[in-house]
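Try each task with the model open, then follow the solution.

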Amino acid sequence: GEAKVIKLRYANFPPAPTFPCVQMERWAREVEKRTGGKVKVETYPGGTLLGAKNMFDGVIAGTADIGCFCPSYHPGRFPLLEAVDQPIGYPNTKVASLTLFDLYRKWQPKSLKKVKVVTMFTCAPTHLMMKVPLRRLGDFKGVEIRAAGTLAKSLGLLGATPVAMPMSDVPEALQKGVIKGLLSSLEVMKDFKFAEYCRYVTYLGFQVVSFAVVMNKDTWNSLPKDVQKVIDDLSREQALWTGRYMDDHVKEAIEWSKKTYNVEFIKLPPEDMVKAKKLVKPMIDAYIKRAKAAGVPADKVMKDVYSLRDKLAAKYGD
Amino acid sequence: MMRIGGAALVLMMGIACGNMFLRVLWVPIKGSYELVGFLGAVVTSFALGYTQSKRGHIAVDIVVSRYPKRLQEFVESLNDLVCGLFFAIIAWQVGKWATTVWRTGEVSETLRIPFYPFTYGVAFGCGVLALVLFLQFLKALIVPLGRITMGPYRLMMDSLRQRNRRKR
Amino acid sequence: MEGSLVGLLGIVVLLAVLLFTRMPVGFAMALVGFLGMGYVVSAKAALNMVGTDIWQIFSSYGLTVIPLFILMGEITFYCGVSERLYNAAYKWMGQIRGGVAMATVMACAGFAAICGSNTATAATMSTVALPEMKKYRYNPILSTGAVASGSTLGVVIPPSVVLIVVGLYTGQSIGKLFFGGVIPGLILTGLFVLTIYILCTVREDWGPPGPKTTFLEKLQALPGAVEMVVLFLLVMGGLYMGWFTPSEAGAAGAFSAMVLSLLRRTLNWERFVAAVMDTLKLSCMIFIIVTGAVIFGRFLTVTRLPYEAAKWAASLPIPHVVILAIVLVIYIIGGAVMDALAFLLVTLPIFYPVIIAMGYDPIWYGVLITVITTMGAVTPPVGVNTYVVAGVAKDVPLGSIFKGVTFFLPAYVICAAIMILFPDVVLFLPKLLRG
Ligand code: NA
Ligand code: NA
């Protein structure tokens with residue numbers, strides 16, 4: 001007789017058009033195709049099934065079989081993965097995503113033992129989108145910029161005033177001048193039309209935000225071997241695919257911003273970049289100290305992050 | 001308990017206002033958003049029991065108000081029992097969640113402070129609500145029970161009184 | 001069982017529990033959602049859901065607007081700010097036939113401009129206005145009907161709890177939604193006044209004219225309205241200028257109301273405590289409804305009913321206007337049998353994507369369904385506003401109040417029709433904001 005179709009519920013928290021959901025739909029299509037229709041993936045974008053902060057535990061409880069979550073939304077809970085979110089600078093998303101994935105693969109952190117990791121990826125390296133031009137490091141002083149979590153920390157060290165606020169408040173806050181800009185990956189210039197307000201971009205590229213896609217352990221164990229193989233084979237490939245998609249998407253957003261709103265893209269002078277890197281160094285030291293206290297050999301992990309990044313940059317750096 | 005809830009409400013107003021003034025004049029309070037959110041949790045959860053004790057929750061009584069009085073009372077006390085059980089479960093689950101947050105060492109996003117005490121606070125508020133519901137259920141149970149158990153006693157008292165009257 | 005079928009069954013069970021057991025709306029939605037999630041997925045998932053969702057909702061920054069705005073309304077109520085506004089309006093309009101009722105509706109609109117909640121507006125306005133109207137021998141059918149409908153302006157004229165919830169759930173700008181509600185709110189106010197005028201012309205004894213006042217008396221009453229105007233300018237102006245977020249606007253409003261009342265020496269410790277207690281009770285009630293709706297919504301989501309329904313409605317081979325009409329009729333029925341806010345929360349994920357996919361403007365749609373569902377706040381069987389008014393006007397039978405409300409229903413329908421025919425009455429102000 002015909003084998004029963006396996007249904008997998010895949011939950012995601014941001015709205016459907018954003019890149020974590022785009023990669024979710026791609027993954028769903030690929031798995032359905034590669035298993036010859038044996039598996040059907042039902043997707044739940046926009047936090048309708050599980051919200052951003054309920055995602056990880058919701059997957060453990062089995063509310064969704066698969067969930068995409070952001071470890072930095074649970075500060076302190078995933079100390080090893082935090083290494084990738086430190087301000088060390090990444091040339092592009094492909095390198096950052098694979099650095100995260102390979103680091104996970106090598107260290108297999110115990111904070112993720114309760115789930116099966118499906119894939120991991122990062123957002124594109126973050127830059128400053130501003131209403132006022134920031135041409136030198138000295139221009140940063142006291143400027144209010146929206147930044148969340150770990151991004152706020154590095155921004156503060158550079159002299160700016162980080163402002164925490166929900167993303168939904170950002171357009172109005174920008175328009176009214178509550179904030180002068182935001183630190184984020186650049187696709188939002190086009191996707192959320194931030195180019196309407198921000199006519200200047202200052203390149204920084206220090207940090208990324210990590211995402212992890214995890215599966216309920218019982219669901220994983222119940223899957224047939226061939227399906228498991230399809231998912232395992234797809235995991236690193238998916239990380240690279242997402243990185244490539246993101247890089248292309250960001251390039252497109254930059255071109256669009258230049259063409260539609262004549263946005264100026266600013267590079268800080270090299271001596272300022274050197275100084276900026278020195279300024280954010282205490283953040284990495286603080287991380288190492290904190291992670292060590294949590295039982296993570298953080299100096300070794302950090303060393304791995306640097307060497308993975310450089311190795312991958314040689315292959316995938318543009 | 002309501003004092004803590006009220007104090008949290010006033011504090012919440014203070015922080016939100018303070019943040020606004022400071023942002024316009026100087027720099028915003030770090031983590032004002034998370035603090036206001038955590039205090040909001042205390043405000044709402046500590047008011048749960050009080051609101052229920054005043055029967056302050058909206059219900060649809062268009063059909064039930066046409067039931068006979070006895071059936072209405074029965075349905076009401078059944079509600080209290082079911083909701084009491086449900087909120088006992090919720091209190092337990094929120095408490096479990098608080099323990100998870102505590103054990104995994106999760107801290108708040110901006111201030112990096114442990115926030116599990118607030119989560120335990122919500123669990124406590126839910127527990128008090130369950131308690132209020134159980135008490136309301138017991139109260140509804142005692143009245144008809146009293147009628148039954150007090151029945152023979154009342155008969156005896158009545159006959160005694162009548163005998164006394166006759167004696168006079 | 002097929003997922004969508006479980007979802008439909010869940011709705012039927014919820015309605016049955018609501019109607020036949022008098023279980024509070026919020027508890028009932030949470031309980032049915034919890035049991036449904038347990039049935040569709042697993043007990044473990046259902047248990048995890050209630051625990052984490054309650055914490056997430058209770059600690060959400062976005063929802064802190066609710067207690068803060070209610071606090072502002074309660075303080076203005078306990079310190080007589082709203083009573084003085086009412087008095088000024090009365091001095092200006094009392095001598096017209098039905099004028100006190102018209103002034104009441106306008107005072108409702110004024111209070112709605114600083115208070116975001118229907119129930120808070122209804123509680124405030126009925127305690128202030130009903131004794132006044134009784135004093136001038138107004139028919140209770142007219143007076144209670146006017147207060148109950150007038151206080152629904154609380155969620156149409158910004159700030160508005162319903163518009164905030166719509167904004168949070170659709171990702172639309174709350175500021176734009178607020179500005180979208182201004183003109184429809186004024187239209188609705190005008191239509192209510194017109195209704196009162198017609199009623200008092202037909203039934204001359206319903207709204208006897210009050211004593212004449214001199215121009216001097218009118219002028220002397222004006223300072224009473226000043227506080228309210230100051231509060232209004234502060235909250236709306238501050239939101240517009242970008243001094244604060246909606247939550248901070250509520251906090252600022254509450255704080256300024258306190259300062260104003262302290263300056264006038266109308267605020268004392270007892271009144272302050274009473275205002276805080278009422279705020280806790282009201283916001284707790286609303287949070288429980290929000291939580292119940294979220295949990296019930298998660299259950300509906302996991303049955304995939306919303307997705308199937310949206311797909312079905314969107315694929316109907318009928319003109320978009322007809323689909324919109326079907327959706328609006330569902331909202332009228334839903335508003336009649338459920339609390340407006342709760343019904344919006346349950347149905348937004350179902351219909352919002354469909355309506356937007358058909359190319360309608362999200363801000364326009366958000367304001368339109370707010371007007372439609374707020375009508376449900378006065379209609380039987382679940383008419384929260386009517387119940388609040390009935391709670392204050394203990395001497396008026398519920399039947400009379402519902403009868404009074406019926407006269408005001410055409411105003412909502414006309415207002416909705418105007419919004420559909422001329423979308424710019426909603427979109428004009430938000431477009432300015434965009435500029
Ligand atoms: Na309002
Ligand atoms: Na209704």
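Axes are lines fitted to C-alpha atoms, for helices over the stretch in contact, and angles run from 0 to 180 degrees between N-to-C directions. Helices (H or I, at least four residues) and strands (E, at least two) are DSSP runs, numbered from the N terminus.

This is a predicted model, in which local features need pLDDT of at least 70 and side-chain atom pairs count only at pLDDT 80 or more, while totals for chains, interfaces and linings use all residues. Residues are numbered from 1 along each chain as its sequence is written, chains are lettered from A and ligands numbered from 1 in the order in which they are written, and side-chain values use heavy atoms, with hydrogens and water left out.

**Exercise 1.** Find how helix α2 (residues 25-40) of chain C and helix α14 (residues 269-302) of chain C pack.

Step 1: the two axes are 7 Å apart, at an angle of about 25°.
Step 2: angles under 35 degrees count as roughly parallel, over 145 as roughly antiparallel, 65 to 115 as roughly perpendicular and the rest as oblique. α2(C) and α14(C) are therefore roughly parallel to each other.
Step 3: the crossing of α2(C) and α14(C) is left-handed (the near helix is turned anticlockwise from the far one by less than a right angle; clockwise would be right-handed).
Step 4: look at the contacts (heavy atoms within 4.5 Å). The α2(C) side includes C:Gly26, C:Gly33 and C:Gly36, and the α14(C) side includes C:Gly292 and C:Ala293.

**Exercise 2.** Work out how helix α5 (residues 81-93) of chain C meets helix α6 (residues 99-112) of chain C.

Step 1: their axes come within 9 Å and cross at roughly 140°.
Step 2: α5(C) and α6(C) are therefore oblique to each other.
Step 3: this crossing of α5(C) and α6(C) is right-handed.
Step 4: among the residues making the contact are C:Tyr86 and C:Tyr90 of α5(C), with C:Met102 and C:Met106 of α6(C).

**Exercise 3.** Where is the kink in α11(C)?

Step 1: helix α11 (residues 174-202) of chain C has 29 residues.
Step 2: from first C-alpha to last, α11(C) reaches 42 Å, close to the 42 Å expected (1.5 Å times one less than its number of residues).
Step 3: the kink, of about 25°, lies at C:Val182, shortly before the proline C:Pro184 (the bend is the angle between axes fitted to the seven residues ending there and the seven starting there).

**Exercise 4.** Check the confidence of chain C.

Step 1: its mean pLDDT (the predictor's confidence in each residue, from 0 to 100) is 81, and 91% of its residues reach 70 or more.
Step 2: the model scores ipTM 0.83 and pTM 0.79.
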